[in-house]
Amino acid sequence: MILTVCRSGEIMRKHEITDATFLPFAKAIAEGDIKLLDLKELSFQDTQIGDEGVGMLALALGRGNLPKLESLYLMGCAKLTDACCQAIADAINNRKRMPMLRDIRLGYTEVWDVESPATQSLGG
């Protein structure tokens, strides 16, 4: 399944995807209003999404609302910090809800502490 994020019928450019534009969408996924049950890959590479947006996405992951997700790409998201690692780690702690997620990429972000427990739990 391929996901295209649109705003008013226009495809959004990567640099236009921010927490402000992504949060309503992520909240709808987390609350089950949007069903993405067959989504296998989700990439926010080189976007302006931050910890708040990833936190809401982590809530959706933790609730099992993306059960077939295999890959989550967050490379080049300059607004991400170590806090997003903890949110993702907490969300995927229950492998029953995220059995397929095997590839999480956080390169070129502000995630610095590769020795932190949260980063290590993501395969740091």
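Of the 124 residues of the protein chain, 40% count as buried, meaning under 20% relative accessible area with a 1.4 Å probe, where over 50% is exposed, the range in between is partly exposed, and protein chains only are considered. The model is predicted: local features need pLDDT of at least 70, side-chain atom pairs count only at pLDDT 80 or more, and totals for chains, interfaces and linings use all residues. Residues are numbered from 1 along each chain as its sequence is written, and side-chain values use heavy atoms, with hydrogens and water left out.

The protein chain exposes about 7,000 Å², with areas taken from the Shrake-Rupley method with a 1.4 Å probe. Carbon and sulfur atoms supply 51% of this surface. Contacts (heavy atoms within 4.5 Å) were also counted by sequence separation. Among those with a separation of 6 or more, 81% link residues 24 or more positions apart.

The protein chain holds 4 helices and 5 strands. These are DSSP runs numbered from the N terminus: helices are H or I of at least four residues, strands E of at least two. Along the sequence the pattern reads β-β-α-β-α-β-α-β-α.

Three strands form an open sheet in the order β3-β4-β5, with parallel pairing. Pairing requires at least two DSSP bridges between two strands. Neighbouring strands are turned by 5 degrees against each other on average, direction ignored. β3 and β4 (residues 71-73) run parallel and are joined by 3 bridges. Ser43 stands opposite Tyr73 in β4.

Helix α1 spans residues 19-30. Its buried residues are Asp19, Phe22, Leu23, Ala26, Ala28, Ile29 and Ala30. Their cover includes α2. Just after α1, Gly32 takes a positive phi of about 85 degrees.

Helices α2 (residues 51-62) and α3 (residues 82-92) have axes that come within 8 Å and cross at roughly 5 degrees. α2 is therefore roughly parallel to α3. Axes are lines fitted to C-alpha atoms, for helices over the stretch in contact, and angles run from 0 to 180 degrees between N-to-C directions. Angles under 35 degrees count as roughly parallel, over 145 as roughly antiparallel, 65 to 115 as roughly perpendicular and the rest as oblique. On the α2 side, Asp51, Val54, Gly55, Ala58, Leu61 and Gly62 take part. They meet Ala83, Cys84, Ala87, Ile88 and Ala91 in α3. The contact residues comprise 8 nonpolar, 2 polar and 1 charged. Here Ala, Val, Leu, Ile, Met, Phe, Trp, Tyr, Cys and Pro are nonpolar, Asp, Glu, Lys and Arg charged, and the others, Gly among them, polar.
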